Amino acid sequence: MPRPGRSGAYEDPAAALGAAADLLAVLHARGQDGVEPAVSPSQLRALLAVEGAEGVNLRTLGEVLGSRPPSVTRLCDRLEAMGLLTRSPHPSRRREVEVRLTRQGRALLDERRAIRVRELSAVLGRMPPEAVDALVAGLEAFREATAGPYPAAGPDADAGSSAAPPPPASVPDSA
């Protein structure tokens with residue numbers, strides 16, 4: 001929805017954010033080809049979820065990822081075979097399996113973050129300092145806004161519609 005009085009290429013803040021998200025995806029992908037082992041986006045999300053909740057069980061991991069138990073099991077099979085995570089029985093609940101990152105899994109996430117910071121820093125270095133400050137302030141406000149409930153159908157939803165829960169905090173798109 002365009003906002004009155006806005007100038008620039010995007011009158012609609014959501015469209016501007018969507019375009020920025022597309023560019024961030026491109027920047028995020030730069031340099032990742034050399035990271036070993038190579039992981040798919042779904043594998044990366046699983047690693048991030050495990051990092052955010054060490055010792056998570058498979059059922060909860062599936063809920064966070066929005067995946068069914070057989071898919072989560074196969075995903076963990078692949079990640080365990082790659083040496084990125086381990087599964088072990090829960091110490092007090094024998095029927096539960098805990099999932100944890102290995103040192104190699106942590107190193108992979110750290111390496112991906114370092115690449116991302118390098119790519120983003122290069123772009124931010126070409127921006128005027130006041131624009132960087134405004135961007136940071138806007139991103140902080142955006143992050144705060146995502147912490148609360150929001151309409152499931154988007155900003156145009158009726159005021160009486162039910163609110164969807166916020167995205168899982170344990171799965172940051174940060175690697």
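# Chat about a predicted model

Me: What order do the strands take in the open sheet of three strands?

Reply: The order is E1-E3-E2, and the pairing is antiparallel. Keep in mind that this is a predicted model.

Me: Which strands stand at the edges, and what does that leave them with?

Reply: Strand E1 (56-57) and strand E2 (85-89) stand at the edges. Each has a single partner strand, so one side of each has no neighbour in the sheet.

Me: How many bridges are there between E2 and E3?

Reply: Five bridges. E2 pairs with strand E3 (residues 97-101) in the antiparallel sense.

Me: Which residues stand opposite each other there? Start with Leu-85.

Reply: Leu-85 faces Leu-101 in E3. Thr-86 has Arg-100 in E3 as its bridge partner.

Me: And how many bridges join E1 to E3?

Reply: Two bridges, and the strands run antiparallel. Val-56 has its bridge partner in E3 too: Val-99.

Me: Let's zoom out. How many helices and strands does the protein chain have?

Reply: Six helices and five strands. Along the sequence, the pattern reads α-α-β-α-α-β-β-α-α-β-β.

Me: What share of the residues counts as buried?

Reply: In the protein chain of 175 residues, 26% are buried.

Me: And what about the accessible surface? How much of it belongs to carbon and sulfur atoms?

Reply: The accessible surface is about 11500 Å². Carbon and sulfur atoms hold 58% of that.

Me: What about contacts between residues 24 or more positions apart?

Reply: Take the contacts with a separation of 6 or more. Residues 24 or more positions apart make up 52% of those.

Me: OK, at what angle do H2 and H4 pack?

Reply: About 85°. Helix H2 (residues 41-52) and helix H4 (residues 69-81) have their axes 11 Å apart. At that angle, H2 is roughly perpendicular to H4.

Me: Which residues make that contact?

Reply: From H2, they are Ser-42, Gln-43, Ala-46 and Leu-47. From H4, they are Leu-75, Arg-78 and Leu-79. The residues of this contact of H2 with H4 split into four nonpolar, two polar and one charged.

Me: What about H2 and H5? At what angle do they pack?

Reply: About 110°, with the axes 11 Å apart. H5 covers residues 103-124. H2 is roughly perpendicular to H5.

Me: Which residues meet there?

Reply: Leu-44, Leu-47, Leu-48 and Glu-51 in H2 meet Leu-108, Leu-109, Arg-112 and Arg-113 in H5. The residues of the contact of H2 with H5 come to five nonpolar, no polar and three charged.

Me: Let's look at Leu-108. Is Leu-108 buried or exposed?

Reply: Leu-108 is buried. Its relative accessibility is 2%, and the cut-off for buried is under 20%. Leu-108 lies in helix H5.

Me: What does Leu-108 touch?

Reply: Skip residues up to four places away in sequence. Then Leu-108 touches Val-35, Glu-36, Pro-37, Val-39, Leu-47 and Leu-84. Leu-108 and Leu-47 are 61 residues apart in sequence. In space, they are 9.5 Å apart, C-alpha to C-alpha.

Me: Back to Leu-101, please. Why does Leu-101 count as buried?

Reply: Because its relative accessibility is 8%. Leu-101 sits in strand E3.

Me: Which residues is Leu-101 in contact with?

Reply: Leave aside its neighbours within four places in sequence. Leu-101 is then in contact with Leu-47, Val-50, Glu-51, Glu-54, Leu-84, Leu-85, Arg-106 and Leu-109.

Me: And how far is Leu-101 from Ala-53?

Reply: They are 48 residues apart in sequence and 10.0 Å apart in space, C-alpha to C-alpha.

Me: Last one: Leu-65. Where does Leu-65 lie?

Reply: In helix H3 (residues 58-65). Leu-65 counts as buried, at 9% relative accessibility.

Me: Which residues does Leu-65 touch?

Reply: Not counting residues up to four places away in sequence, Leu-65 touches Arg-45, Ala-46, Ala-49 and Leu-75. Leu-65 and Ala-49 are 16 residues apart in sequence. Their C-alpha atoms are 7.9 Å apart in space.

Methods:
Residues are numbered from 1 along each chain as its sequence is written. This is a predicted model: local features need pLDDT of at least 70, side-chain atom pairs count only at pLDDT 80 or more; totals for chains, interfaces and linings use all residues. Side-chain values use heavy atoms; hydrogens and water are left out. Two strands pair if DSSP finds at least two bridges between them. Helices (H or I, at least four residues) and strands (E, at least two) are DSSP runs, numbered from the N terminus. Buried means under 20% relative accessible area, exposed over 50%, partly exposed in between (1.4 Å probe, protein chains only). Contact means heavy atoms within 4.5 Å. Accessible areas come from the Shrake-Rupley method with a 1.4 Å probe; for residues, only the protein chains shown count as cover. Axes are lines fitted to C-alpha atoms, for helices over the stretch in contact, and angles run from 0 to 180 degrees between N-to-C directions. Angles under 35 degrees count as roughly parallel, over 145 as roughly antiparallel, 65 to 115 as roughly perpendicular and the rest as oblique. Ala, Val, Leu, Ile, Met, Phe, Trp, Tyr, Cys and Pro count as nonpolar, Asp, Glu, Lys and Arg as charged, and the others, Gly among them, as polar.
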